[in-house]
Amino acid sequence: MRKESATIRRCHSQLSALGLDSDAVFHRSKLILKIYRDVVWVLSERVEELQEYAWDLGNQDIDTGLCYLENFAPDIDLQDFEEKVCCVVESRMFVEIINRALLRLRKYPDRGELYYEILTKQFIYRFNSTEKEMLEELNMERSVFYDRKKEAIYIFSVCLFGYAIPEVSEKLPRLISD
């Protein structure tokens, strides 16, 4: 069994200090990264559907359609529309949290740019790079690439669960009460 890098050991201790199980957080982060592209795609589709719905209601004018929904629509139509809008807003917020964590990862002092490049090319960009392309682009051996990818996901976990989510959670009550 391979020895854990100092970076991963630091991540374990940071996550433990936050009261989090580092292995569970690692796997959650990996899952979040794997579904990111699909979530962004579905989000864009939902936004288009809402725009089309308002467009149709307003006889080819979105503002008129929204005005109709707000002032004249039956409660069921308005409630359905509001639920869809809330779903889009929540999904957009989650995407923004992930983007914040990725930007923090990019600023990581030791290999931050490399970690960011690995995760974005593998999980974030619309068309992910193949393993072979990644190895060529990064000029790395396969084993080193997998070590760096694992480190990147661990640091992303710290950025996501240790910084991005708590920052947004802190601001959320203020946003709701304002």
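User: Which residues touch the most other members in the largest nonpolar core?

Analyst: In this predicted model, that core has 32 residues, and the ones touching the most other members are Leu33, Leu102, Leu105, Leu119, Phe156 and Leu160.

User: And which elements give two or more residues to this core?

Analyst: That would be α1 (6-17), α2 (22-57), α4 (75-106), α5 (112-124) and α7 (142-177). The largest share comes from α7, with ten residues.

User: Say I click on Leu102. What is Leu102 in contact with, leaving aside its neighbours within four places in sequence?

Analyst: You'd find Tyr116, Leu119, Ile124 and Phe156. Two of those names, Leu119 and Phe156, were also in the list of core residues that touch the most other members.

User: OK, and what's in the second, separate core?

Analyst: That one has six residues, among them Met134, Leu135, Met140 and Phe145. As a general point, nonpolar side chains in soluble globular proteins tend to be buried together.

User: Let me zoom out. How many helices and strands are there in the protein chain?

Analyst: Seven helices and zero strands. Reading from the N terminus, the elements simply go α-α-α-α-α-α-α.

User: How much of the chain counts as buried?

Analyst: The figure is 32% of the 178 residues. On contacts, take pairs at least 6 apart in sequence: 67% of those join residues at least 24 apart.

User: Switching to Ser29. Where is it?

Analyst: Ser29 sits in helix α2.

User: Is Ser29 buried or exposed?

Analyst: Buried, because its relative accessibility is 0%, and the cut-off for buried is under 20%.

User: What does the Ser29 side chain make a polar contact with?

Analyst: With the side chain of Ser157, at 2.8 Å. Not counting residues up to four places away in sequence, Ser29 touches Ile153, Phe156, Ser157, Leu160 and Phe161.

User: Last topic: how do α5 and α6 cross?

Analyst: Helix α6 covers residues 131-138, and its axis comes within 11 Å of the α5 axis, with a crossing angle of roughly 155°. The crossing is right-handed.

User: Are they roughly parallel or roughly antiparallel?

Analyst: Roughly antiparallel, because angles over 145 degrees count that way.

User: Which residues make the contact there?

Analyst: From α5 you have Leu114, Glu117, Ile118 and Lys121, and from α6 there are Met134, Glu137 and Leu138. Met134 also turns up in the second, separate core.

Definitions and conventions
Residues are numbered from 1 along each chain as its sequence is written. This is a predicted model: local features need pLDDT of at least 70, side-chain atom pairs count only at pLDDT 80 or more; totals for chains, interfaces and linings use all residues. Side-chain values use heavy atoms; hydrogens and water are left out. A nonpolar core is a set of buried Ala, Val, Leu, Ile, Met, Phe, Trp, Tyr and Cys residues joined through side-chain atoms within 4.5 Å. Buried means under 20% relative accessible area, exposed over 50%, partly exposed in between (1.4 Å probe, protein chains only). Helices (H or I, at least four residues) and strands (E, at least two) are DSSP runs, numbered from the N terminus. Contact means heavy atoms within 4.5 Å. A polar contact is a pair of N or O atoms within 3.5 Å; within protein, one must be able to donate a hydrogen and the other to accept it, and residues adjacent in sequence count only if both atoms are side-chain atoms. Axes are lines fitted to C-alpha atoms, for helices over the stretch in contact, and angles run from 0 to 180 degrees between N-to-C directions. Angles under 35 degrees count as roughly parallel, over 145 as roughly antiparallel, 65 to 115 as roughly perpendicular and the rest as oblique. A crossing is left-handed if the near helix is turned anticlockwise from the far one by less than a right angle, and right-handed if clockwise.
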